[in-house]
Amino acid sequence: MIPRIHRQGSNTLGLLHYLYGKGTHEEHTDPHLVASFDGMAPDPGRDPSVTKKDLQHLLDQPLHLLDADQRPAKHVWHCSVRAAPDDPPLTDEQWAAIAHRMVAAAGIDPGDGAGCRWAAVRHADDHIHLIATLVREDGRRPDHHRSGQRAQAEARLIEADYGLRRVAPGDGTAARRPTSAERHKAQRRGRRRTAREELRETVRQAVVGATDEAEFFNRLAAAGLLVRTRVLPSGDLGGYTVALPGDHNQHHEPVFYAGSTLAPDLSLPHIRARFDAIGPASAPDHTDQPGPSPQHPAPSTARRAATHAAWAALLVLDQGDDGAAAAQIAATGEILDALATTSALYTRQQLREAAWTFERASRSHTRAEFRHAQTLRRAARDLRHSGPALGRGEDGATTAMLIDTLFFLTTAAAHWHARRHHAQQAEAAHQAATHLHAAYTVAAEEPMARLREQGQRLARPVRDQAAALLHAAAPQLAEQILREPGWPALAATLTRAHRELHTAHSLSDTLTWRLRHLADLPADTTPATRPKAPAAPAQQARPARSGPPTRPKTPGRSR
């Protein structure tokens, strides 16, 4: 159940014409009244003798209790209440009961006998519109302060009472939803997403790893968007708007959207904060041409670096402060955007869905301190510059490794949000993890098959030695792992690692350097470069036990 409070207006009859009309794209069917303030309001949808002017006159009568200079300039209150897509159809009687509860919760008609006059119109199966005059029967103004939040709270109760889908409560940081007109335009043109949604995705991808405004705007132009910028009297850039080619209004003009209307974190000031955090590239290159070079690493190299950065981000979610953790979560969205645009075709759709879904998890009221996410943002930049990856060989294996790590990172983000009661963000992160698991299943098939083949070729004594190592390292999980089809792949990896340690001059030195590399710790710890002591003990190298990430079981795979 999704209530939405629209902007207050001044034309009751104009809104009634829309509610009882055919709609912008003739999407309104059988418009009729389902409820009103007294249960006896005339219905121009079902009674041929009644006009919309009659209903308007009835609703606006309380205005005449006030002198002309005391009447509110914007006296029309408008709220739409929409069922979730997978909710069962509701009857007119059920919608009428919901309408009464909504106007009471919003303060429009609190049930004291002198509330505002209102009516509820239904012109589609899945939603109703509430229209009210913001003057009470006693001439006073209604107490409808924060009516949107109050309506949302009532919607959660209605969902429970009617057995409807429980929509996670919002916190005001979500991107603006497409309007009905935008959705119908997309359907008419055969587009899966609206222009607003396509622009949001394209702009987010352009932000990934960008180091300055020139690189950002070059990317927007390269993506084919129409871009306008707003210059302040001082000569500084004050903002930007973007449009899709071919998306026109009734005057055949491009429909431009400001970045802030696409998503709160896509305004120019928010994007600049990311530029300041990542810093300039060592050799700025605005041509954005992929291919191995000092600024454009090979795909497998970029994926290995991103994997290490993602594991380091896990530690921050577990041990860092909220500002640092929020920055890591926002930067995780950039990694997902970059990976989706550079991955092989067979994983691209699931990765794109993961990035699209995780976008909601990347914002909350916790202020992101982007200086704490430089490593992850630079990894996203390198992923983008590395160009498309092949789906086989080292590219395919490192892609699977990175997706595997991102699964744990997005799951940890879901737990982080859940502990702070960010319901929508937690749900979005969980959904992104589901898409990542689906992508991993496909991406890991070939490299894991090769590793299993190597493990199956190991001599029996060597496999037994690997099993002994497993029992020593994880005695509680060893038997389960040994029964899984993926055990030969793990055995081959353990054997290779064990042999490498035996060839080392110093086991302690080798393990020290490997652990510092895995944890992204500095190699040098002299006083000039020694990092500050962590907020939590250094041995906590995995997400807190209060919310451990878990992976759905994948056939043929072991951990």
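Strands here are DSSP runs of E, at least two residues, and helices are runs of H or I, at least four residues, numbered from the N terminus. Two strands count as paired if DSSP finds at least two bridges between them. The hairpin of β4 and β5 has 2 residues between its strands. Within it, Ala120 stands opposite Leu130 in β5.

Before going on, this is a predicted model, where local features need pLDDT of at least 70, side-chain atom pairs count only at pLDDT 80 or more, and totals for chains, interfaces and linings use all residues. Residues are numbered from 1 along each chain as its sequence is written, and side-chain values use heavy atoms, with hydrogens and water left out.

On to the other neighbour of β5. Strand β3 (residues 76-82) is joined to β5 by 7 bridges, again antiparallel, and Val76 has Thr133 as its bridge partner in β5.

How many residues of β5 are buried? 10 of the 10, residues 127-136, so the strand is largely enclosed by the rest of the structure. Buried means under 20% relative accessible area, with a 1.4 Å probe and protein chains only. His127, His129, Ile131, Thr133 and Val135 point one way from β5, while Ile128, Leu130, Ala132, Leu134 and Arg136 point the other way.

Last, the whole sheet. It is open, has 5 strands in the order β1-β3-β5-β4-β2, and pairs antiparallel. Its edge strands, β1 (2-5) and β2 (32-36), each pair on one side only.

Key. Buried means under 20% relative accessible area, exposed over 50%, partly exposed in between (1.4 Å probe, protein chains only).
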